[in-house]
Amino acid sequence: MASPRNEGFLTQDQREKLRIAVQNAETLSLASPRSPSGGSTSALLQQYEQQQRAAATAAAARGGGGGGCGGARHVRRSHSGKTIKVKKDGAGGKGTWGKLIDTDTDACLDRNDPNYDSDEEPYELVEAPVSTPVDDYKKSVVPIIEEYFSTGDVKLAASDLKELGCDDFHRYFVKKLVSMAMDRHDKEKEMVSVLLSSLYGDVINSTQIRLGFVMLLEAVDDLAVDILDAVDVLALFIARAVVDDILPPAFLSREKVSLSESSKGMQVVQIAEKSHLSAPHHAELLEQRWGGSTNTTADAVKRRIADLLKEYIKNGDTPEACRCIRELAVPFFHHEVVKRALTLGMESPTAEALIVKLLKEASEECLISSSQMMKGFSRFVDSLDDLSLDIPSAKSQFQMLVSKAVSKGWLDSSFIHLGANGDAQDDEHEKLRRYKRESVSMIHEYFLSDDVPELIRSLKELGSPEYNPIFIKKLITIAMDRKNREKEMASVLLSSLSMELFSTEDIVKGFIMLLECAEDTALDILDASDELGLFLARAVIDDVLAPLNLDEISSNLPPNCSGAETLNMARSLATARHAGERLLRCWGGGTGWAVEDTKDKIAKLLEEYESGGDVGEACNCIRELHMPFFNHEVVKKALVMAMEKKTERILDLLQECFGEGIITINQMTKGFTRVRDGLDDLALDIPDAREKFMSYVKHAKKSGWLLPSFGVATSA
């Protein structure tokens, strides 16, 4: 057992440890500020031992021997003689040295100490955000876009994007590319449209392009905070994408369903649809909206097309030729590529195989759309007669080429081409072409003059009633690409033609042709399906078609035809409540009056005429109502007024209206029927109402206003 005298001193082992620790500290700093004196190692040791002895002596004097207590109680005193409570683990209090090797790191490390070493600080785990693949992709595309804006190098941008991989993330590239260009000059906006058109299909698939624009529509509210004209600019980008065939025309109608009516995204869709894509020649206008990719004229583009095709004939490099066509960045002008390629193939028999290969490849890669391919073939047909003067076998060669193209699937089978049976079919084709030219000219003139009788007279002079369905197709197709005024005029004309010149069978066939090619029409005319549905429903309301005719049309459509959906929409519109008034207002027809207001105006104009008014002025007033489907009300009120006033002058007005095509036989029949149905009530005020009515019916049949069968129905 150790003696109490030795309890306050260090053992030999402790001395050795202390010496090593002090030597290490002395190596770092011979005069550390933490030391009360800058003395040597021995001096430090001696001072420490003196303190221990003093503490042990004081404890022994106070508590005696303590052998049975397991050791003396340690009490420390300062130099002033004050008693200091011993700290746990043997560390000293104020004025003491503390433990030999202090484990309290915070007490030892002082950041203001010149010898402070940050490596001595305890480790602290800090939470750091984890980077996702999407975040990495978004960061990577920014320098690619910035470099493209600086260099304009489409190839480099495409190569860099391919190296990134991550094909499923390209939607974020589309969004970032467009949003960065929106706040820049027209040059960068045009560069973006060119780049997207170049990357489409080869680097970025159609789904990612579509999703990128969907994200832009959803984010336009936020973009508008920093970019004041964000709505207008994004509308232009979307319209340009539709023209460039990298977005389908149906994109806008689909997005309408998911967007809120009050959102800026809905404003973007409406501006793109109504302001940009509905304008005549919208493709050319949008192409030049930001200065165009090359600021070249159509002639310059034609020269470039001719050069690239000649180069292709020399080297036969199909991928290179497709790349050059894509770099033209004029997808709406690809029909010129088709036409010139076909011409080269006819002029050089050795080049025909290469031309077929190029067109087939361009179609399969969706580089040249189906509508552009059809348009190119049609334009070539128009020049085939002239080409036959230099190449006698051109027609037969072309016929074989068309058959091959249709069988391989890169030309639509609905393409109307030359027959294989000699001059008779050639003459028929020439007759059809002449009819189409003449009918288009008549339709344009009608839209300018609004002269229904003149158009009917011109059609009669043109003859060819077997082509009446084609006239209907041309009329409605041209009207769909124009303003609401022309659409209303087309419906009015169709109503007049149905009673004057065209049979119901002609009209049914015309609408079948329209529905069969609705999908192709939609590539050039936005919302062609919806507009065609309105024309069909309006034809039912105007009694041009009977509801059963819609079923007949449906049974004659090919399987899986997109026109079936249009037909169903027309049925819904035509059977809705107040369908007549609603269909009138859909194109702004008339002035939007209520039915009662229209009836009042009809009554006033008839009273004015009966009191001595001019028949021509009365006809103009009826025409200016712009409600041809409501003209049966004019007939009804005129007949009732003739009974009440006991004058037949009013019948002269009906004769004039019928002669000028203002009131059709269909509307006449409906007006007479309504009077007949109300004869019992009329007889209360006009005793001889029935006799007068029968005399009017006889006069109407004699004048051709009514069909002979009406008299049988009346007497029943």
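**Buried aromatic residues and nonpolar cores**

Both Tyr446 and Phe447 are buried, where buried means under 20% relative accessible area, exposed over 50% and partly exposed in between (1.4 Å probe, protein chains only). The model is predicted: local features need pLDDT of at least 70, side-chain atom pairs count only at pLDDT 80 or more, and totals for chains, interfaces and linings use all residues. Residues are numbered from 1 along each chain as its sequence is written, and side-chain values use heavy atoms, with hydrogens and water left out.

Rings of Phe, Tyr and Trp (its six-membered ring) pair if their centres lie within 6.5 Å; planes under 30 degrees apart count as stacked, over 60 as edge-to-face and the rest as tilted. By this rule there are 11 aromatic pairs. The ring centres of Tyr435 and Tyr467 are 5.3 Å apart and the planes stand at 55°, so this pair is tilted. Tyr446 and Phe447 also form a tilted pair, with 5.8 Å from centre to centre and 40° between the planes. Tyr435 and Tyr467 are both buried. Ring pairs also join Phe377, Phe380, Phe398 and Trp410 into a cluster.

A nonpolar core is a set of buried Ala, Val, Leu, Ile, Met, Phe, Trp, Tyr and Cys residues joined through side-chain atoms within 4.5 Å. The largest such core has 57 residues, and those with the most contacts inside it are Phe173, Phe213, Leu234 and Phe237. A second, separate core has 52 residues, including Tyr467, Met480, Ile525 and Val540.

Leu247 is buried, with a relative accessible area of 2%. The C-alpha atoms of Leu247 and Arg210 are separated by 6.6 Å, although the two residues are 37 residues apart along the chain.
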